[in-house]
Amino acid sequence: MILSSKIIIASKPRYRRCITVDETKICVKGVWVYIWSAVDVDSGGLLALEASYSRGCLNALLFLKKTLKLCINKPMIIVDKSPWYRWALERLGLEYRHERLGLRNRVERFFRYLKERTMVFHHKMSSRDYKQGIRNLNLFLSLFTLYYQTIRIEDG
């Protein structure tokens with residue numbers, strides 16, 4: 001069985017009222033990597049998940065564009081007060097709100113689950129160089145998303 005590195009998270013774009021977006025960092029073989037995540041507030045569904053070596057305005061812009069491909073509208077975006085979000089959200093013309101707790105807990109809960117499930121082996125991922133490392137991590141995150149959206153839900 002061959003798995004593609006392009007695993008579809010949501011089957012098709014649809015209306016979304018509100019999305020929460022955040023990033024966290026994990027250490028992979030002594031290098032800090034940032035994991036970006038977008039979660040639909042109403043359904044709790046994971047919309048996008050991606051890794052990068054840096055976090056900044058351009059990373060936020062690219063990640064938000066990827067997330068918006070799964071929306072037929074421009075939903076309200078809930079973020080923390082990280083400076084890179086403001087520029088990217090304004091550039092895309094999106095309505096957004098800063099929250100410390102509240103609805104943003106959905107994405108924080110997902111990150112806690114991701115870290116719990118990968119704590120044992122995330123520092124053992126192999127790569128020849130930085131580009132290969134990010135490709136490997138993004139492939140793993142695609143597979144983790146598939147697990148999170150299907151198998152985990154069935155397990156209860």
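Predicted model: local features only at pLDDT ≥ 70, side-chain atom pairs only at ≥ 80, totals over all residues.
## Helix α1

Helix α1 runs over residues 57–68 and has 12 residues. From its first C-alpha to its last it reaches 16 Å, close to the 16 Å expected at 1.5 Å a residue.

The buried residues of this helix are A60, L61, F63, L64, T67 and L68.

## S37 in strand β2

S37 lies in strand β2. Its relative accessibility is 0%, so S37 counts as buried, the cut-off being under 20%.

Which residues does S37 touch, leaving aside neighbours within four places in sequence? Its contacts are T20, V21, D22, L46, A48, L49, F63, V107, F110 and F111. One of these, F63, is also among the buried residues of α1.

## Aromatic rings

A pair of aromatic rings is described by the distance of the centres and the angle of the planes. The structure holds three aromatic pairs. In one of them, the ring centres of W36 and F63 are 6.1 Å apart and the planes are at 35°, so the pair is tilted. This pair links strand β2, which holds W36, to helix α1, which holds F63, across 27 residues. Both W36 and F63 are buried.

W36 also pairs with Y85, edge-to-face, with 6.1 Å centre to centre and 85° between the planes. Here W36 in strand β2 is linked to Y85 in helix α2, 49 residues apart. Y85 is buried, as is W36. Together, W36, F63, W84 and Y85 form one aromatic cluster.

## A charge over a ring

The charged end of K25 sits over the ring of W32, at 4.7 Å from the ring's centre.

Key: Residues numbered from 1 in each chain as written. Heavy atoms only, no water. Helix = DSSP H or I, 4+ residues; strand = E, 2+ residues; numbered from the N terminus. Expected span 1.5 Å × (residues − 1). Buried < 20%, exposed > 50% of the residue type's maximum accessible area, 1.4 Å probe, protein only. Contact = heavy atoms within 4.5 Å. Phe/Tyr/Trp six-rings, centres within 6.5 Å; stacked < 30°, edge-to-face > 60°. Lys NZ or Arg CZ within 6 Å of the ring centre and 35° of its normal.
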